[in-house]
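Look at the sequence and the fold first, then read the notes.

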Amino acid sequence: MSDPRNDIYNFDIGRFNCAVICDGFTEYATAAILFSRAPRKELGEKLRFYELNPDKIRCFNNCLLIKNNSEITLVDTGFGHLAGNYPGAENAGMLVENLKKNGYKTEKIDKVIFTHYHFDHIGGGLDRKGNPAFPHAVYYMNKKDWQKGASTESYGKKILLDLESRMELFDGGIEISPGIKVIPAPGHTPGHSIVKIESAGGELLYASDLAAHQIHLERPGWSMAHEYDPDLAARTRREIFGYAADKKIPMLAYHLPFPGLGYLHDKNGGWSWRPLGH
Ligand SMILES: [Zn+2]
């Protein structure tokens with residue numbers, strides 16, 4: 001079996017060539033943080049079912065690369081050099097290495113979408129020297145998340161401020177190029193966004209952090225402790241998961257086991273997951 005820290009999964013959406021590129025994984029999250037609103041007994045049952053250690057739950061970081069004829073777009077950038085600051089993130093921060101290993105030069109990336117301001121999504125935006133990791137790219141981000149991220153004391157704040165001149169901020173949603181739409185999905189953060197990719201009949205929903213674990217698909221109300229607005233996050237999850245299941249649109253969830261791709265199916269008031277790929 002290949003090492004999940006340097007994995008790549010190639011697939012097509014219509015005429016777009018896409019790849020899920022793994023930034024590695026973290027094992028620092030605890031069950032109490034990920035499922036802060038879960039009733040204790042039921043959470044215990046779920047953790048046993050999935051054979052999870054509540055103090056060491058593995059979360060992957062699945063970044064998406066989209067190539068069409070004229071440009072390359074990257075969605076989220078992993079931990080980058082911030083991985084070293086977080087115990088449990090020693091196996092993250094691999095995105096750029098994995099891009100290079102697979103023949104992608106960082107100078108060739110035209111557009112970068114940050115789905116929200118959390119460090120595990122924006123950390124790779126700068127290189128170790130503090131320069132833009134994708135030197136010719138325009139970086140896109142929801143204005144509300146920019147405001148929150150650039151004013152909150154964290155490692156991510158410096159990254160956002162250093163990238164300010166490269167940043168294209170938007171209100172609500174934006175179509176950054178034909179077939180690549182950024183859609184507001186608030187709650188996890190004020191401007192948390194998802195990305196809908198469409199080409200020649202093919203579709204994909206990049207759901208970012210709507211689910212940090214498969215358990216969030218089954219129990220969308222079990223919001224995460226660090227969510228900006230847990231009630232709104234739960235409502236957004238239900239709305240988007242319901243849409244993806246009804247329309248049979250495949251979804252990419254950033255933190256699910258690599259490559260994080262799958263289909264949702266209605267199940268007991270929540271959704272079950274049929275993974276695609278590996
Ligand atoms: Zn995340």
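The notes below cover a sheet and a metal site.

This is a predicted model, in which local features need pLDDT of at least 70, side-chain atom pairs count only at pLDDT 80 or more, and totals for chains, interfaces and linings use all residues. Residues are numbered from 1 along each chain as its sequence is written, and side-chain values use heavy atoms, with hydrogens and water left out.

**Sheet**
- Seven strands, in the order 8-9-10-11-12-13-14, form an open sheet with mixed pairing (strands are DSSP runs of E, at least two residues, numbered from the N terminus; a pair needs at least two DSSP bridges).
- Strand 8 (174-177) and strand 14 (270-275) are the edges; each has a single partner strand, so one side of each lacks a neighbour in the sheet.
- Strand 9 (residues 180-184) runs antiparallel to strand 10 (residues 193-199) over 5 bridges.
- Lysine 181 has lysine 196 of strand 10 as its bridge partner.

**Zinc site**
- Asp120 (OD), His121 (NE2), Asp209 (OD) and His255 (NE2) coordinate the zinc ion at 2.1 to 2.3 Å (donors are N, O and S atoms within 2.8 Å of the metal, or 3.2 Å for Na, K and Ca; water is not among the atoms, so sites may look incomplete).
- Along the chain, the zinc donors follow the spacing D-H-x87-D-x45-H.
- Histidine 121 lies in helix 4 (residues 119-122) and histidine 255 in the loop between strand 12 and strand 13, 134 residues apart (helices are DSSP runs of H or I, at least four residues).
- Histidine 121 and histidine 255 are buried (under 20% relative accessible area, 1.4 Å probe, protein chains only).

Key. Buried < 20%, exposed > 50% of the residue type's maximum accessible area, 1.4 Å probe, protein only.
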